[in-house]
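This briefing covers one protein chain.

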Amino acid sequence: MATTAAAAGSEAPRVHRLVRLFGASIGRKLVAAATGAALLVFLFGHLFGNLKVFQGQDALNSYAAWLQGHPLLWVARVGLLVVFVTHVYTTVTLAIENRRARPVRYEEYRPTKSSFASRYMLLSGLVVLAFVVYHLLHFTFGVIDSANTRLLDPTGRLDVYASVVRSFHNAWIAWSYVVAIGLLGLHLAHGITSAFQTAGVHHESYNKIVKATAAVVIGILVLGNWSIPLLILAGKVPLAGGM
């Protein structure tokens with residue numbers, strides 16, 4: 001009994017230290033960096049699946065059917081939702097904390113070392129959040145453009161291919177995705193470098209390497225996602241069965 005009580009007592013200070021850590025600014029920055037990295041991995045996985053639209057109707061619909069039938073789909077969705085909400089909460093609270101730390105606005109603000117991406121980090125993040133909601137209502141729940149998101153292919157599967165192609169033939173929808181992905185890239189431009197700084201990877205001898213790597217990662221993600229609506233809008237992706 002004494003051993004058990006001692007073990008429980010030793011665990012309590014550890015929990016207390018963790019609560020204090022994540023209640024501090026550095027703790028929230030670590031959480032923001034970790035959840036941001038997890039979301040970045042998801043974005044690349046999402047892009048990989050979406051690029052199957054260039055392989056044709058059967059390839060994309062087969063992938064979508066496999067994904068929908070996966071036994072861990074809802075586990076992944078719930079986990080992703082928790083990560084996403086945590087990331088939004090921590091980044092917003094950090095932004096509010098930074099503003100409160102400087103309650104008096106400068107009479108004439110002239111940014112020096114801060115980048116364009118860092119100055120509009122919160123704004124770009126909130127716009128991306130709105131886009132995520134729009135994207136879910138559009139392709140996941142079929143609330144927006146419902147006529148094109150409930151189609152079936154000849155095998156009886158949900159025709160994701162036709163839904164995507166038909167939707168992006170609408171210039172307003174296509175360009176809204178282009179703008180949103182551009183803002184996502186802007187958000188990541190500061191987010192990735194900030195994550196490295198939070199992790200202690202910050203020195204003039206390799207900062208250029210970090211920035212170059214971040215630029216390549218963001219470039220692949222943005223250009224890959226841009227290619228889908230733009231090539232469809234340009235008529236480079238055929239619609240099975242005709243318009």
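Contact here means heavy atoms within 4.5 Å. Helices (H or I, at least four residues) and strands (E, at least two) are DSSP runs, numbered from the N terminus. This is a predicted model, in which local features need pLDDT of at least 70, side-chain atom pairs count only at pLDDT 80 or more, and totals for chains, interfaces and linings use all residues. Residues are numbered from 1 along each chain as its sequence is written, and side-chain values use heavy atoms, with hydrogens and water left out.

**Overall fold**

- The protein chain has nine helices and zero strands.
- Along the sequence the pattern reads α-α-α-α-α-α-α-α-α.
- Of the 243 residues in the protein chain, 28% are buried (under 20% relative accessible area; exposed is over 50%, partly exposed in between; 1.4 Å probe, protein chains only).
- Among contacts in the protein chain with a separation of 6 or more, 74% join residues 24 or more positions apart.

- The expected span of a helix is 1.5 Å times one less than its number of residues.
- Helix 2 has 26 residues and should span 38 Å; its end C-alpha atoms lie 37 Å apart, which agrees.
- Buried residues of helix 2 are Gly27, Arg28, Val31, Ala32, Ala33, Thr35, Leu39, Leu40, Leu47 and Gly49.
- Helix 4 (residues 73–100) has 28 residues and reaches 41 Å between its first and last C-alpha, close to the expected 40 Å.
- Leu73, His87, Thr90, Leu94 and Ala95 are buried in helix 4.
- An α-helix has 3.6 residues a turn, so residues three or four places apart point the same way.

**Helix 2 against helix 9**

- The axes of helix 2 (residues 25–50) and helix 9 (residues 207–233) come within 10 Å and cross at roughly 35°.
- Axes are lines fitted to C-alpha atoms, for helices over the stretch in contact, and angles run from 0 to 180 degrees between N-to-C directions.
- The crossing of helix 2 and helix 9 is left-handed (the near helix is turned anticlockwise from the far one by less than a right angle; clockwise is right-handed).
- From helix 2, Leu40, Leu43, Phe44, Leu47 and Asn50 meet Val217, Ile220, Leu221, Gly224, Asn225 and Ile228 of helix 9.
- This contact of helix 2 with helix 9 has eight nonpolar, three polar and no charged residues.
- In these classes, Ala, Val, Leu, Ile, Met, Phe, Trp, Tyr, Cys and Pro count as nonpolar, Asp, Glu, Lys and Arg as charged, and the others, Gly among them, as polar.

**Helix 2 against helix 4**

- The axes of helix 2 and helix 4 come within 9 Å and cross at roughly 140°.
- That makes helix 2 oblique to helix 4 (under 35 degrees is roughly parallel, over 145 roughly antiparallel, 65 to 115 roughly perpendicular, the rest oblique).
- Helix 2 passes helix 4 in a left-handed crossing.

**The loop between helix 6 and helix 7**

- Aspartate 159 sits in the loop between helix 6 (121–140) and helix 7 (160–168).
- Aspartate 159 counts as buried because its relative accessibility is 5%.
- Beyond its neighbours within four places in sequence, aspartate 159 is in contact with Gln57, Asn61, Leu151, Leu152 and Asp153.
- Phenylalanine 141 is in the loop between helix 6 and helix 7.
- Phenylalanine 141 counts as partly exposed, at 47% relative accessibility.
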